[in-house]
Amino acid sequence: MATLSSLTSPPFSNPNPNIKFLSPMLQPYLEQQQQKIGSPETDDEEDPSPPNNRIIGNVSSGVDGNPNSNNSMDRSPATLLHVSFNQDYGCFAAGTDRGFRIYNCDPFREIFRRDFDNAGGIGTVEMLFRCNILTLVGGKDNPQYPPDKVMIWDDHQSRCIGELSFRSDVRGVRLRRDRIVVVLEQKIFVYNFADLKLLHQIETIANPKGLCAVSQASGSFVLVCPGLQKGQVRVEHYASKRTKFILAHDSRIACFTLSQDGQLLATASTKGTLVRIFNTHDGTPLQEVRRGADRAEIYSLSFSSSAQWLAVSSDKGTVHVFSLKTNLGSENLNSPPESDLARTTSGSSLSFMKGVLPKYFCSEWSVAQFRLLEGSQYFVAFGHQKNTVVILGLDGSFYRCKYDPVTGGEMTQLEYHNFLKPGEPF
């Protein structure tokens with residue numbers, strides 16, 4: 001069970017689940033988002049910026065308070081512990097052995113960094129779109145915060161304004177405008193963002209990776225997590241108060257992702273050869289694509305904003321882009337994508353012998369690929385520029401690549417940066 005503390009005035013207040021922990025900066029932002037949630041015109045794929053006094057700005061590295069204000073104290077590269085995209089894939093956060101950093105994807109630049117006085121490590125940092133509120137979890141040998149706590153950080157105040165404490169280490173955090181989801185090894189907690197009231201608890205199978213995905217479209221909250229048996233995923237539809245269990249694979253679940261509106265789910269198992277796409281409403285399998293024949297560890301899956309494309313990264317050092325037959329812009333989830341040629345090239349050339357040859361030869365293969373150096377973990381998302389993907393590596397690498405949706409083949413590298421290199425201009 002989690003306990004709540006307020007950090008708005010020392011010493012810590014009595015842990016009351018209804019306490020008003022909020023920063024003055026957070027309350028107006030949340031009120032504004034609640035108005036957006038109630039408005040049918042809101043399009044969550046393009047996040048309108050809140051007023052300037054509540055947005056993460058382009059500020060200097062040093063601030064007074066907890067973060068260290070001496071930028072020149074250590075020019076050696078930091079050790080990267082964690083990277084994650086924000087909800088619209090326009091920014092990403094990096095947790096290091098001395099603090100955290102926020103970067104913009106397009107154009108690529110460092111927005112700001114926070115290095116702590118005692119060089120404490122941040123093992124998890126999650127952004128809330130582009131506002132000043134983040135969640136932090138300590139990590140590595142010298143954690144800045146206990147690994148069993150989620151700290152709510154207000155970057156305008158440069159301090160934590162609240163915390164959630166647990167009886168075991170936090171494995172992951174997911175944020176929506178209205179919810180905080182905390183993932184433990186075998187349990188998930190769902191909180192209301194405005195007052196940190198606990199809304200739901202979910203039991204899961206052992207989940208050391210902290211696997212969990214939440215939809216981001218307004219008015220529709222869908223949460224996916226591991227079920228209670230091997231190969232099973234659990235889908236929570238909070239608007240309709242329905243729970244759906246999908247037996248997605250025979251092996252254990254290794255990775256999954258949701259489309260922005262929560263209608264589509266992509267899953268991969270520990271075998272890492274196949275990726276399956278499901279309709280989350282009824283659990284119907286819609287499509288199966290093949291990453292390869294050899295066993296692989298899948299690091300990330302990502303839908304494009306239109307759900308026409310799916311990107312996959314693995315320990316084989318290759319990013320694949322698949323053409324999907326589903327189309328969220330249509331009432332028919334099984335409608336074909338725009339490019340018939342892309343759909344044709346994504347299948348095996350021997351697909352005309354389906355039913356005669358083994359299933360391997362009839363699989364749908366990726367349209368485009370990008371080769372990376374093996375030995376690092378890479379995470380992929382679709383860029384805001386058309387037909388581009390952004391790749392983040394735990395070695396500090398940033399790639400932007402372009403794929404041809406018609407001819408496919410090898411992607412073209414457009415951009416590369418080492419975002420951990422000290423002194424590199426942005």
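Buried means under 20% relative accessible area, exposed means over 50%, and partly exposed lies in between, with a 1.4 Å probe and protein chains only as cover. By that rule T388, at 1% relative accessibility, counts as buried. Welcome to a predicted model, in which local features need pLDDT of at least 70, side-chain atom pairs count only at pLDDT 80 or more, and totals for chains, interfaces and linings use all residues. Residues are numbered from 1 along each chain as its sequence is written, and side-chain values use heavy atoms, with hydrogens and water left out.

**The overall picture**

- The protein's secondary structure comes to two helices and 30 strands; helices (H or I, at least four residues) and strands (E, at least two) are DSSP runs, numbered from the N terminus.
- Of the 426 residues in the protein, 56% are buried.
- The protein exposes about 17900 Å², and carbon and sulfur atoms supply 48% of that area; accessible areas come from the Shrake-Rupley method with a 1.4 Å probe, and for residues only the protein chains shown count as cover.
- Contact means heavy atoms within 4.5 Å. Among contacts between residues at least 6 apart in sequence, 46% join residues at least 24 apart.

- T388 is found in strand β27 (residues 388–393). Leaving aside residues up to four places away in sequence, T388 touches F382, G383, R400, C401, K402, Y403 and L414.
- T388 and S304 are 84 residues apart along the chain, yet 9.7 Å separates their C-alpha atoms.
- I188 sits in strand β12 (residues 187–192) and is buried, with a relative accessible area of 0%.
- Residues touched by I188, beyond those up to four places away in sequence, include V181, H200, I202, L211 and C225. From I188 to G210 it is 22 residues in sequence and 9.2 Å in space, C-alpha to C-alpha.

**Salt bridges**

- A salt bridge is a side-chain nitrogen of Lys or Arg within 4 Å of a carboxyl oxygen of Asp or Glu. By this rule the count comes to 15 salt bridges.
- K187 and E203 meet through their side chains in one of them (3.2 Å, N to O). K187 lies in strand β12 and E203 in strand β13 (residues 198–203), so the pair ties together parts that are 16 residues apart in sequence.
- Both partners are partly exposed: K187 has a relative accessible area of 24%, and E203 has 43%.
- E236 and R234 also form a salt bridge (2.6 Å, N to O), and both of these residues are buried.
- R371 and E410 make another (3.3 Å, N to O). This pair links distant parts of the chain, 39 residues apart, with R371 in strand β25 (residues 368–371) and E410 in strand β29 (residues 409–410).
- D106, R400 and E415 are linked in a network of salt bridges.

**Backbone details in the loops**

- A cis peptide bond, with omega of about 0 degrees, joins D106 and P107. P107 lies in the loop between β4 (99–105) and β5 (108–115).
- Y89 is not a glycine, but it has a positive phi of about 60 degrees. Y89 lies in the loop between β2 (80–85) and β3 (91–96) and is partly exposed, with a relative accessible area of 24%.
- S158, also not a glycine, has a positive phi of about 55 degrees. S158 belongs to the loop between β8 (149–154) and β9 (159–165) and counts as buried at 8% relative accessibility.
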